[in-house]
Number of protein chains: 2
Amino acid sequence: MSSKPHQVKVELGSRGYSIRIGTGLLPRLGRECRALGLDSRCMVISDELVAQHYGAPAVGSLEKAGFTVSLLVVPAGERSKNLKTAGRCYQQLAAHRMERKSFVVALGGGVVGDLAGFVAATYLRGIPFVQVPTSLLAQVDSSVGGKVGINLAAAKNLVGAFHQPRLVLCDLDTLRTLPDREYRSGLAEVIKYGVIQDAAFFAFLEKNLSGILAQKPSVLAKTIARCCEIKAYIVGQDEFESGARALLNFGHTVGHAIEAVAGYGRFLHGEAIALGMVAAASISVARTSLPATSANRLSVLLQRAGLPTQFVWHPRLRSRLWDAMVLDKKVSRGELRFVLASDVGQCRFGLPVPALEVNAALDHLAGRPPSKP
Amino acid sequence: MSSKPHQVKVELGSRGYSIRIGTGLLPRLGRECRALGLDSRCMVISDELVAQHYGAPAVGSLEKAGFTVSLLVVPAGERSKNLKTAGRCYQQLAAHRMERKSFVVALGGGVVGDLAGFVAATYLRGIPFVQVPTSLLAQVDSSVGGKVGINLAAAKNLVGAFHQPRLVLCDLDTLRTLPDREYRSGLAEVIKYGVIQDAAFFAFLEKNLSGILAQKPSVLAKTIARCCEIKAYIVGQDEFESGARALLNFGHTVGHAIEAVAGYGRFLHGEAIALGMVAAASISVARTSLPATSANRLSVLLQRAGLPTQFVWHPRLRSRLWDAMVLDKKVSRGELRFVLASDVGQCRFGLPVPALEVNAALDHLAGRPPSKP
């Protein structure tokens, strides 16, 4: 039984769109796409794990609404987010004669959303797409805001585009089949929103974590909707990431580096971001007067969510972590810049941090004293 | 000795830019980029034929202006415009640690401009790029307007983006090393501008063709500048090709199909477009009352420029020509649409044409009577 879904608007003028959050939404996918006035032909791109649960319902809903639907299933996992798989998607779009007004439906987690979104952004120089995120991470973060892309061997998301979806449909029911570890990984981004923008929401998370972990629909819908509101607000301020949008990268400079260096797959994205947030908080204590008690609240909440707060890395990895950070996109004129917190709910972006303090934070993550320079 | 260059502005608000046309411009590339306030690091992407003449001057000019420059040379020819070469470019950009404010210089013809532009459009979700077109086709057409992309096996330009350059530098001197056949191929697009928008310019071309063929600088600069003005005007009306920009596709529906079916390489792009324009003119005579004398003026001018006006194709190619036209982007709701002329300088776009008349035009191209349906 579905209650009335939450709705969040992303205000981007002619590129604006709605995010709907609730239960029982997937069976309404076709009707929603029809209401958008989308053309008759579409391709659903999904991965093999998600497709086995939700491929048929998604395709069925679209067909029932009168669309001509093809389903393309890619292997599950970050490894699919590459140029080769994108090439396969392009070929399939061409083989199914998708036209400029045809559309792509991304049905899956962040990998599928980023890959399918990038393909939609570049096929025929851009065709419409709809996000149906089925992981918590994708529902609260990657499906909203139009950042799409693929990985290179050198680093994640090095190739991409800004391409806003026409609709984001977050069906809470799809989270039930998500492995527990991935669900918890998504909570890292949820917690991030509290840190960067909303102390009251952070307190709400502290109070309601058990309900969220139990996927209690009312609490979960409220949580996801608030994350989407914050993300929509920030994206509305800065669609192309020339300013405030950088706030969303809290924890991501170190987090992305850990993902790259530990080998894609050892840490889930949210787990790496949890570590990155612990590192950013420890830099924040030193540089932006974040109270140690606030840094501690963050670590405690992450731990309660089952997320890692320590990463025992071998000292010889230091240079590789640095290489990865420098290659990441948070570099300006060769200098590493961080999002740092002065308190929970109060962050600033673009702050240069000396190498010494970055290293101290990396050592802190490993639970050892700062190494001598 | 260089005279004052022509300058054409592309009016696109914050994405607007200048096109400079003249002699002696390449040695000023570095200064021009410096004047744009571009960041210190850049990569020049060129092909092996162009790089042997202009690679060193381009790199030298940029270095003299204080930039840190890498040069990436790809094989010459349409075959480089694919996903694999794009992947190589991305890897090199990452290896040279190009950042968000680093920029790409596309030094070459249309293939290099489209490829390097697409790479710039998608690396780190888009970094600045500068066009230095060295072929006539690229100077009058592909370097202006921001359409960038690569080919799939299925068809040309199926993957791409809109990404406006920060500057277009058309140095007439670089045309001297262009093979004669490629130079004449570029004239097809020059003639197209007369047909779609400017009868007086068409008459100018009829009158001055010998000077243009001899690359007389004053006549040539005026010719290229007028083409760029027309293109800039149309792009300024319709950056993302939702309307008037389709005018630029006069001759391209059939032209692209001939390119694809004859095998990339048999016809140069402009040669195929010349054939496509003859086909479009013959449809125009039937459907939009183009005077037969005007269609004839077009054929005569194309022939004087050394361009083909007949393509003797085997009847069994008909279905492949159709497949290619349908796969091309000038399809709306499954129906082929053409740009058609009612007279020289007067065209309309988006006109549906019955299959019978398209077939008649294809037969006309082959110099045979229309086949029975």
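Is F240(A) buried, partly exposed or exposed? F240(A) is partly exposed, because its relative accessible area is 45%. The cut-offs: buried is under 20% relative accessible area, exposed over 50%, partly exposed in between, with a 1.4 Å probe and protein chains only.

Some ground rules. This is a predicted model, where local features need pLDDT of at least 70, side-chain atom pairs count only at pLDDT 80 or more, and totals for chains, interfaces and linings use all residues. Residues are numbered from 1 along each chain as its sequence is written, chains are lettered from A and ligands numbered from 1 in the order written, and side-chain values use heavy atoms, without hydrogens and water.

Now the rings. Searching the whole structure gives 8 aromatic pairs over all chains. Pairing takes Phe, Tyr or Trp rings (six-membered ring for Trp) with centres within 6.5 Å; planes under 30 degrees apart are stacked, over 60 edge-to-face, the rest tilted.

One of them is F67(A) with F103(A): edge-to-face, 5.2 Å centre to centre, 80 degrees between the planes. F67(A) sits in the loop between helix 2 and strand 4, F103(A) in strand 5, 36 residues apart. Helices (H or I, at least four residues) and strands (E, at least two) are DSSP runs, numbered from the N terminus. Both F67(A) and F103(A) are buried.

Next, F162(A) and F240(A). Their planes stand at 90 degrees, with centres 5.3 Å apart, so this pair is edge-to-face. F162(A) is in strand 8; F240(A) is in the loop between helix 8 and helix 9, 78 residues apart. F162(A) is partly exposed, at 22%.
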